[in-house]
Amino acid sequence: MLRRRRRDAAVQKQDVFADYREITETAEISVKMHGGRAKCLQRLIRLGLPVPKTLALSFPTVHAIAEGHLADTERMMAAFGEVPLVSVRPSSEDPDWGGPGAILNIGMNDARHAFLAETIGERAANALYLRFIQAYAIHVARLDPDMFEAEDLTDAAALRRALSDYEDETDETFPQDPARQLSEVLRSMARAWEGTTARLLRQARGAPADAGLGLVVQEMALGLGQPESGSGVIQFVDGKTGEKLIKGRYLSQSQSRDALAGQKEAIFLTRDPRGPSLEELCPEQFAALLEYGARCRTRLREEMQIEFTIDSGALSIIDAVRIPRNSRAEVRIAVDLAKDGIISREEALMRVEPRSLSELLHRQVDPDAPRDTLVEGIAASPGAARGVVVFSSAAAQARAAQGEACVLVRRETTPDDIRGMHAASAVLTERGGVTSHAAVIARGLGVPCIVGASGMTLSRKANQFTCPDGRIVREGDMVTVDGSSGAVLAGETPLVEAGLDDAFQTLLGWADEVRDIKVRANADTPADARTAERFKADGIGLCRTEHMFFEGDRLTVMREMIFADHTQDRQAALDQLLPMQRADFIALFEIMQGRPVCIRLFDPPLHEFLPNDREGLRELAEALDLPLSDVNRRVEALSEFNPMLGMRGVRLGVTIPEIYEMQARAIFEATIEASRKGDPVVPEIMIPLVSAKREVELVKTRIDAVAAAVRTETGVDFTYRLGVMVETPRAALRAGDIAAHCSFLSFGTNDLTQMTYGLSRDDAGRFMSQYVQQEVFPEDPFHILDAEGVGELLTIGSERGRAANPQVTLSICGEHGGNPESIAFCRTAGFHYVSCSPFRVPVARLSAAQYALRDAAAETP
């Protein structure tokens, strides 16, 4: 009682104000001032839907309530009649920002309970009162929820026990004054929104720190009268596919007096084996709901989920929200609305988040499935796959040969693991970042991949890894890899299939009509090229030729070339590789059907083609018929302290020119052969890791000589374009000198970012999350292009290159090429195209269209 007297004394000192308004057709209600729910209710009223009387409290009003001011709740409750029951719901500017939960049945007290017990029955009245006591005790009085649990909400003894427990815990009886109840509810919800935890949660969802909350107070439509009453929700499309259907649930009070306890449910479909549907129970109200849904779709230009009640046959619309949906449904809904003329094609394009398209390209973990997380890492390649765990590429290939899906687990992958990655259904690595070897290759293959899973402890000897919670996963255990979220799940988690339907193709077709920058794909093999062609890439912007050498027969010949001591021996090995390379290039040219194909000459250091374990070295000695000691010495001689900055790229081309000459001949001979079968081919040859103009001059001289020789030998003329991959800071700074000798400059942002920051893209994942959290970097620069630092080098390089050679073609071909932010930068900088992994091409196509539409809208007066 002492606590109550102190509270009443404090109330007398506070200001009382009445800053609220009834939501009517003409009331001044705005999303910026009253929130999305309040504005939606006004729109429903304007559409003629039967919405119960509702009051809206503005953002400033709710903020004042949180600071201790009291609203004039006596006057509010009086607006609803003599014995009102009301609900309070949050109304934030964006529903995705969350907010406190709704509280219903405000106004229930002993007198109201007694009246309802006589009119609708004691059990229904008990349930209404007990539900309100539970909500008030937990969310307003902040009491222990366990105290107010009840197996049967309709039980009178449970109601009496809840009232007694409330009094014991608060030293006062449960509030009987409806105005006081409403005042405490408003204060509690306002302060919950202002709390630190709530503020941090909504900021994580993209809300500004000072985001406001509105509240709506609405008359309760109980749905408890006779002959037919109940409550439910209805929607007219499937939230998973976007297909048209009638879906929802309806709790009928007349079918079961236990409906309020949630024990009876009738669905909307006719001929329901569990009982009559709403269509059969209330045909007039069902028809009205269908008409209201169509009206919302046409006038609100959105598919809505409608919450309603039926009270003695009278239909009331409580609320309507945008149907919760996944990416597949989002695309279908946007396309269907545009096809029906409700929205424009341009608006349909702007409604779909580009990154969400990744969910449509791969299988995903069913969002409704239970998740038992074993370990988490960096989501490096989207999609989901199940398989048994293996710890070596050889084991992955063996499982695949038996038709068994597997997940390749490595500390980190190397080029020697490519065959295993091809065989695996998913990849998991303990180390690495979003541009590590595993991540880049997996995205190209379309294989789900998680990297940087530092929480697990890998034991290669025992063929197992230990999870953070102590569980051990052994070879042969079944797991599910969710490459979209970065979680490894135990067992066979249900998956949802990819959604490349007609709506997806239609949307991207519309995107191609408006985008003004080309989108190519990074494709290393014919399989990659077919994927790029399926996703309508404008060509291949990066073909990494070294990946063609890791097949079994080619790898042996490649190693013979590496171990050759004399030029003629090296040339003999390259002569064996020539027809293999030529066949690959012919396949790429034919698949692309006249679209440009940019082929990067050999880039990695030679040691990557050699084994690094005892067993592999012994097998290599047997294959080359050499003593194991000779093999060990050769491998040691090729090892480097920092191979990524050593003998690789153009440096190999200058010091061992036979390699680039073989590749150039293979390209030119493939050009002639593919041109005979179809459209003329104009290959693009790219020199990697250039730092100086003289490097380009030396390589260009040799390639031109090979071209002249092939023309002479075949009697066939052809054209090709020579360019440079700009991936060192010096190449960007000296782009003017370099551009004078080439046709294009393609910026390799993976290595350029690595060299600009002095960060290892394979190791940065270990600490990058801490750097982002502490705001050292705004984002992981290997994931989102650094527009300030790396971007300045891109700008300098493009400007100097264009000044020296106005006809030079500019592009980026690193993994950033598929990011919307990078596309925005490239459009502003005047680049001609971006190139990215095949499975990121749709994201890039839609992003490019959206930026073009935004620019066009900004230019329209």
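## Exercises on a predicted model

The second largest pocket holds about 1100 Å³ of space. The model is predicted.

### Exercise 1: the pocket lining

Task: State how many residues line the second largest pocket, which lie nearest its centre, and which elements give two or more residues to the lining.

Solution. Start with the count: 31 residues line the second largest pocket. Next, go to the centre. Asp-94, Pro-95, Asp-96, Val-321 and Arg-322 lie nearest to it. Then list the elements that give two or more residues to the lining. They are helix 3 (36-46), strand 5 (86-92), strand 11 (314-322) and helix 13 (327-339).

### Exercise 2: strand 30 and its partners

Task: Find which strands pair with strand 30 and in what sense, and say where its side chains point.

Solution. Take one partner at a time. Strand 29 (residues 721-726) pairs with strand 30 in the parallel sense, over four bridges. Here Gly-723 stands opposite Phe-744. Strand 31 (residues 809-812) also pairs with strand 30 in the parallel sense, over four bridges. On that side, Ser-746 stands opposite Ser-811.

Now turn to the side chains of strand 30 (residues 744-747). Phe-744 and Ser-746 point one way, while Leu-745 and Phe-747 point the other way.

### Exercise 3: an edge-to-face pair

Task: Classify the pair of Tyr-757 and Phe-777, and say whether each residue is buried or partly exposed.

Solution. The ring centres are 5.1 Å apart and the planes stand at 80°, so this pair is edge-to-face. Tyr-757 belongs to helix 30 (residues 749-757). Phe-777 is in the loop between helix 31 (768-773) and helix 32 (790-804). Buried means under 20% relative accessible area. Tyr-757, at 26%, is therefore partly exposed. Phe-777, at 14%, is buried.

### Exercise 4: the surroundings of Leu-759

Task: Locate Leu-759, judge its burial and name its contacts beyond four places in sequence.

Solution. Leu-759 is in the loop between helix 30 and helix 31. Its relative accessibility is 13%, so Leu-759 counts as buried. Its contacts, leaving out residues up to four places away in sequence, are Gln-754, Phe-767, Met-768, Phe-777 and Phe-782. Take Phe-782: it is 23 residues from Leu-759 along the chain, and the two C-alpha atoms are separated by 9.6 Å.

### Exercise 5: charges over rings

Task: Find which rings have the charged ends of Arg-520 and Arg-854 over them.

Solution. Arg-520 has its charged end over the ring of Tyr-833, 3.8 Å from the centre. For Arg-854, the ring is that of Tyr-851, with the charged end 5.3 Å from the centre.

Note on methods
Residues numbered from 1 in each chain as written. Predicted model: local features only at pLDDT ≥ 70, side-chain atom pairs only at ≥ 80, totals over all residues. Heavy atoms only, no water. Buried < 20%, exposed > 50% of the residue type's maximum accessible area, 1.4 Å probe, protein only. Pairing = 2+ DSSP bridges. Phe/Tyr/Trp six-rings, centres within 6.5 Å; stacked < 30°, edge-to-face > 60°. Lys NZ or Arg CZ within 6 Å of the ring centre and 35° of its normal. Contact = heavy atoms within 4.5 Å. 1 Å grid on protein atoms, 1.4 Å probe; cavity = no way out; pocket = protein on both sides within 12 Å on 5 of 7 lines; lining within 4 Å. Points joined across faces, edges and corners; volume = space filled by probe spheres on them.
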